[in-house]
Each structure stands twice: as structure tokens, then as C-alpha cells.
Amino acid sequence: MSTVNILAELGVAEVFRNLSFEQVRKHEIDNGEVALADNGAVVVDTGIYTGRSPRDKYFVEREPSRSKIDWGGFNQPVSPAIFDEAFALFPKYFGKKNVYVFDGYIGSSKRSRKKVRVISERAWIHHFCLNMLLTPDKFGETYPTLESFQPEFTWIHSPSIHNPKWREQSLNSDVFVMIDLERKMGLIAGTEYSGEVKKGCFTLMNFWLPEERILPMHCSATRGRGPVEESVLYFGLSGTGKTTLSADPERNLIGDDEHGWDDDGVFNFEGGCYAKVINLDPSSEPDIYNAIKENAILENVILDQRKKVDYSDGSKTENTRVSYPIEHIRNWEPSRRGTHPHAVIFLACDAFGVLPPVAKLTPEQAMYHFVQGYSAKVAGTERGVKEPQATFSHCFGAPFMVHSPRVYADLLREKILRHNSHVYLVNTGWTGGPYGVGQRMKLRLTRQIISAIISNELANVEYNDPDPIFQLRTPKTVKRLEDPSVLDPRSSWKSPEEYEKTAQKLANMFHENFVKKGFASGPEKELEKYGPKWKE
């Protein structure tokens with residue numbers, strides 16, 4: 001079924017397609033969907049869902065995708081019949097309603113970009129797509145007609161629709177995100193959180209691109225200026241610092257969250273940025289702060305009586321967000337592409353406070369830590385998370401990975417070896433003790449370490465012997481680091497015995513996760529010898 005026929009089946013009254021920012025702003029205001037902040041941004045309240053609902057995502061079991069999906073965890077199956085019942089809810093609701101249709105692309109590489117259509121009842125979701133996806137004019141192309149644009153995937157979005165049969169269908173809740181890869185259609189219902197659209201598109205790329213030998217990555221990326229233009233990648237879960245650390249005034253921003261790595265280098269999947277703004281400080285994050293202006297969308301922030309945003313107010317959620325076109329960043333990279341990266345950085349927010357602030361990884365260690373994806377969930381990123389919790393998320397983005405983790409790890413190893421990329425593990429979490437005892441690593445110190453990585457200083461310095469528990473090699477010196485004592489996490493603890501006890505506890509957690517996720521008996525099993533040494 002073509003998407004034009006889908007619109008006919010939905011029975012919609014009028015279609016507003018690929019509106020300009022000025023047009024969509026008028027619709028948002030006229031519909032009563034937004035408030036206006038004094039900085040020119042629109043402000044939305046996403047209702048009870050202020051984060052993703054990963055347990056409500058399902059793939060339809062059909063061949064040939066059924067044999068390619070790594071089932072289990074976040075990749076949950078649903079029958080074609082249940083998908084059809086879910087789709088039937090949409091014509092009942094959308095009949096004679098106006099809808100907003102976004103037609104554009106995921107991916108800035110013409111060779112691998114994918115055509116996507118997003119149909120929504122909300123003007124502000126259409127605005128979000130204008131911010132975060134890529135329209136034809138970004139490629140210097142004209143807009144095709146509604147009939148001639150043939151999307152490779154269509155999303156239908158409605159926060160007003162809920163599934164009344166979810167219990168009898170053995171689903172998680174009345175919210176659903178259902179993906180039918182063969183039918184080329186996805187349904188998002190019951191939640192207004194815009195991140196479902198964004199991460200839904202990312203999930204699709206994680207399915208499609210490995211089959212083209214392209215590595216899809218949950219990372220931010222920057223590109224150097226002048227004679228040395230190498231790219232740098234920053235992997236990490238939400239809240240580990242991808243967006244913050246990639247907002248570097250000395251470098252061009254390729255993108256803050258989702259990228260691909262092909263034979264030509266790195267390319268952004270998106271056209272904008274989606275940043276956390278809780279406790280946003282203009283002195284430490286000026287680029288993000290200054291990007292919040294007209295055409296930006298603020299989610300779930302609190303306005304005072306003067307319409308000024310109180311970024312310190314997390315009473316609604318700690319996961320307050322802003323989306324804006326990447327052009328709002330003064331040093332954005334117009335090509336949305338970069339060279340093959342000379343440095344790959346894994347950001348881990350270590351809530352136990354035992355990992356070093358920086359360690360250089362071998363290719364095999366890189367595969368191991370990529371497969372494990374250790375960090376901590378930050379409050380508000382997902383429903384029910386109120387404070388940092390230790391977590392493992394393979395490829396630093398488990399909810400969005402569709403194939404086996406080994407598929408992505410093999411692609412990573414292939415590319416870092418071919419292009420001589422150096423891989424580092426950087427702890428942006430705690431030092432001097434675990435969460436509640438120690439202190440969060442100062443952003444200033446992390447920036448100094450990142451600068452040493454970017455300049456290639458850490459590619460050539462002398463390293464200590466591997467740590468006896470984690471087998472990590474740390475640099476003996478970092479010239480630009482104002483507090484060298486943080487390089488040795490043991491010495492930052494008051495009790496060396498407590499450090500050893502906690503470090504071994506975390507090492508055992510690495511092993512337990514390796515077994516729990518099936519890696520110990522799967523294609524990843526030989527990688528464990530490159531990880532922490534666990535004890536019975």
C-alpha cells in the first residue's frame with residue numbers, strides 16, 4: 001500500500017505537508033499546542049510520558065526480517081494480526097481530522113540516505129521533524145509532489161490513541177511503538193514524547209545499514225578545522241556527555257547523537273540536535289544555550305511569569321529537552337560529514353567511581369566495551385528512573401540495536417583497524433567514591449582530557465601497566481590536566497580497601513551481564529578475556 005493510499009485509508013480532512021518554520025509556528029499557536037518563551041523558542045508539555053517507553057516497542061514477526069533480528073531484550077515480537085488491529089485504531093481516530101505530513105530523509109549521505117514520511121496529528125511533532133530530519137532542500141533539491149515521493153518507511157503518530165486490548169494481547173501497556181519492516185510502516189501511539197519519532201528512525205538505520213557494511217552509531221561527532229581535519233566520535237548513553245562534549249567551539253559539529261561510518265568517513269543521520277537542558281548553564285555550555293531561540297522546541301521545561309525558562313526546575317522531569325536545527329550552532333559542519341575518525345571515545349558515567357578518567361583501549365578491548373556499553377542511566381531519561389543506576393547497554397544504545405551486538409562490534413573493529421583510529425574509555429561519572437559518597441567528575445577536567453585526545457597527545461604518551469582488575473592502561477601524564485591526581489582512581493578514595501572491594505564488585509557485574517545477555521555462549525564469548533577479571 002502506498003503512503004498516499006494510507007492517507008486515504010485514514011480518511012483525513014486536510015494534509016499540511018512540509019510546512020515552513022513560520023507556517024508551522026502559526027499552526028502550533030492556533031492549535032494551542034505550545035507556549036512561547038522569552039527567548040523565542042516554543043515550549044511543549046509532553047504529558048505523563050517525558051521519556052521513551054522502550055518496553056512498548058515491537059517488531060512484527062515476518063520474513064525476511066524475522067531471521068535477521070536479534071530477538072529478546074528490547075526487540076520484542078508481535079504478530080501481524082496484532083499490528084493490523086493496532087493500525088485499525090488510526091482510521092477510527094483520524095477520520096476527517098487534519099494531519100501534518102513530513103517528507104524527507106534520514107542520513108546526510110546520498111548513497112545511503114533513506115526516504116521517510118511522518119504523519120502526525122500534532123503540528124509541533126511536524127516542527128520536531130523539520131528540526132531533526134533532513135528535507136530535500138538540505139541537499140539542494142526541490143520538493144517532490146506528495147504522489148511522487150515514495151518513502152521507504154512511513155510513521156503514523158498519535159498521542160491520543162491508546163490500545164484497549166493490550167492486556168489480552170500480552171503487551172506491556174496501552175502505549176505502543178510497532179514496526180513492520182516488510183510493510184514499511186511504523187505506528188507510534190499513546191505517547192507525545194518526540195524522542196519516540198527520533199529513535200524510531202535511528203532504529204530503522206540500525207537495521208538497514210549493517211547490510212550495506214556501514215556502521216550505524218549512537219554517538220556525537222566533530223570535525224577539526226585547518227590542515228588537520230580528522231573527525232572524533234563520542235559514544236555514550238543519554239546523560240554521559242555526548243552533546244555537551246561535542247559542543248566544542250574549536251571544532252565543527254557534525255552532529256550530536258546519530259551517525260554512520262562508511263567507506264568515505266562519518267556522516268550525520270540528522271539535521272538537528274536534541275539536548276538535555278536540565279541545569280543548563282550559559283557559562284559552561286554557551287553553544288547549546290545560545291541555540292535556544294526561534295525555531296527551537298523546549299520540552300517539559302518550566303516558565304516563570306515573565307516567560308523566562310527556569311533550567312534548574314526539574315519538577316516536571318529531569319529529562320527536559322531542546323531540539324533545534326543544527327544551523328543554530330555557530331560552528332556546525334555544513335557538509336554534515338567528516339573524515340575517518342582518528343579518535344573514538346567511549347563515554348561511561350561510572351556511578352561506582354572506580355573507573356579511571358581515561359584509558360586507551362586495544363581493538364579487542366574496544367569490541368568488549370562496545371558490546372558491554374557500561375554506564376549509568378541518568379534520572380528522567382526513561383520512565384521510572386529517578387536517580388543514576390548502573391546499567392549495561394550494548395553498543396551504547398541497546399534499545400535501538402536490531403542485529404546481534406557482534407554484528408556492530410565486528411564493523412567497529414574492521415573500521416578502526418583499517419583507518420588506524422585510537423579508542424579511549426573516558427569516565428564522566430564519579431571519582432573519590434561511588435554516587436552519594438564521591439564527587440561527579442568536573443566537566444572542566446573531562447574537557448582537558450578530551451582536548452589531549454583530540455590533539456593526539458594521548459596517542460603517543462607513556463602508559464602505566466594494565467590495571468590488575470579492569471586490565472585498563474592509563475596515561476602516566478596528561479600535560480593539560482590541572483589535577484593529575486584524578487588519573488589514579490584508587491588514590492582518590494579515602495580507603496584503598498573499599499576501592500578494591502567496589503572495583504571487584506563492578507568487575508563481577510561486567511561478568512554477570514556478559515552471561516545474562518548471552519554473550520558468554522554466543523559469538524561474543526571470546527571477547528570476555530579482554531574485560532575485567534571477575535572472581536567467584
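## Helix α8 against α9

Helix α8 and helix α9, which spans residues 405–418, pack at an angle of about 150 degrees, and their axes are 9 Å apart. That angle is over 145 degrees, so α8 is roughly antiparallel to α9. The crossing of α8 past α9 is right-handed. This model is predicted.

On the α8 side, the contact uses P363, E364, A366, M367, F370 and V371. On the α9 side, it uses P405, R406, Y408, A409, D410, L412, R413, I416 and L417. By class, the contact of α8 with α9 has 11 nonpolar residues, four charged ones and no polar ones.

## Helix α8 against α12

Helix α8 covers residues 363–372 and also packs on helix α12, residues 496–516. Here the angle is about 75 degrees, with the axes 11 Å apart. Angles of 65 to 115 degrees count as roughly perpendicular, and α8 and α12 are therefore roughly perpendicular to each other.

Which residues of α8 meet α12? They are Y368, H369 and Q372. Their partners in α12 are F510, N513 and F514. The contact of α8 with α12 divides into three nonpolar and three polar residues, with no charged ones.

## After α12

A520 sits in the segment that follows α12. Its relative accessibility is 35%, so A520 counts as partly exposed. Beyond its neighbours within four places in sequence, A520 touches F514, V515 and K525. F514 also takes part in the contact of α12 with α8.

## Helix α2 against α4

Helix α2 (residues 21–30) packs on helix α4 (residues 123–132) at an angle of about 155 degrees. The two axes are 8 Å apart. This geometry makes α2 roughly antiparallel to α4. The crossing of α2 and α4 is left-handed.

Four residues of α2 are involved: F21, V24, H27 and E28. They meet A123, W124, H126, H127, L130 and N131 in α4. Sorted by class, the contact of α2 with α4 holds five nonpolar residues, four polar and one charged.

## Cysteines

How many disulfides does the structure hold? The count is zero. A disulfide is a covalent bond between the sulfur atoms of two cysteines.

Take C129. Its sulfur lies 7.0 Å from the closest cysteine sulfur, that of C201, which is too far for a bond. The cut-off for a disulfide is within 2.5 Å. C129 counts as buried because its relative accessibility is 1%.

C219 is in no disulfide either. For C219, the nearest cysteine sulfur belongs to C395 and is 12 Å away. C219 has 0% relative accessibility and so counts as buried.

## I179 in strand β9

I179 belongs to strand β9, residues 176–180. Is I179 buried or exposed? At 1% relative accessibility, I179 counts as buried, since buried means under 20%.

Leaving out neighbours within four places in sequence, the contacts of I179 are Y58, F59, V60, F153, W155, M185, G186, T203 and L204.

F470 is another matter. I179 and F470 are 291 residues apart along the chain, and their C-alpha atoms are separated by 39 Å.

## Backbone exceptions

Most residues other than glycine have a negative phi, and most peptide bonds are trans.

The peptide bond between E63 and P64 is cis, with omega about 10 degrees.

R213 is not a glycine, yet has a positive phi of about 60 degrees. With a relative accessible area of 46%, R213 is partly exposed.

F396 also has a positive phi, near 55 degrees, and is a residue other than glycine. F396 lies in the loop between β25 (389–392) and α9. Its relative accessible area is 1%, so F396 is buried.

Note on methods
Residues are numbered from 1 along each chain as its sequence is written. This is a predicted model: local features need pLDDT of at least 70, side-chain atom pairs count only at pLDDT 80 or more; totals for chains, interfaces and linings use all residues. Side-chain values use heavy atoms; hydrogens and water are left out. Axes are lines fitted to C-alpha atoms, for helices over the stretch in contact, and angles run from 0 to 180 degrees between N-to-C directions. Helices (H or I, at least four residues) and strands (E, at least two) are DSSP runs, numbered from the N terminus. Angles under 35 degrees count as roughly parallel, over 145 as roughly antiparallel, 65 to 115 as roughly perpendicular and the rest as oblique. Contact means heavy atoms within 4.5 Å. Ala, Val, Leu, Ile, Met, Phe, Trp, Tyr, Cys and Pro count as nonpolar, Asp, Glu, Lys and Arg as charged, and the others, Gly among them, as polar. Buried means under 20% relative accessible area, exposed over 50%, partly exposed in between (1.4 Å probe, protein chains only). A crossing is left-handed if the near helix is turned anticlockwise from the far one by less than a right angle, and right-handed if clockwise.
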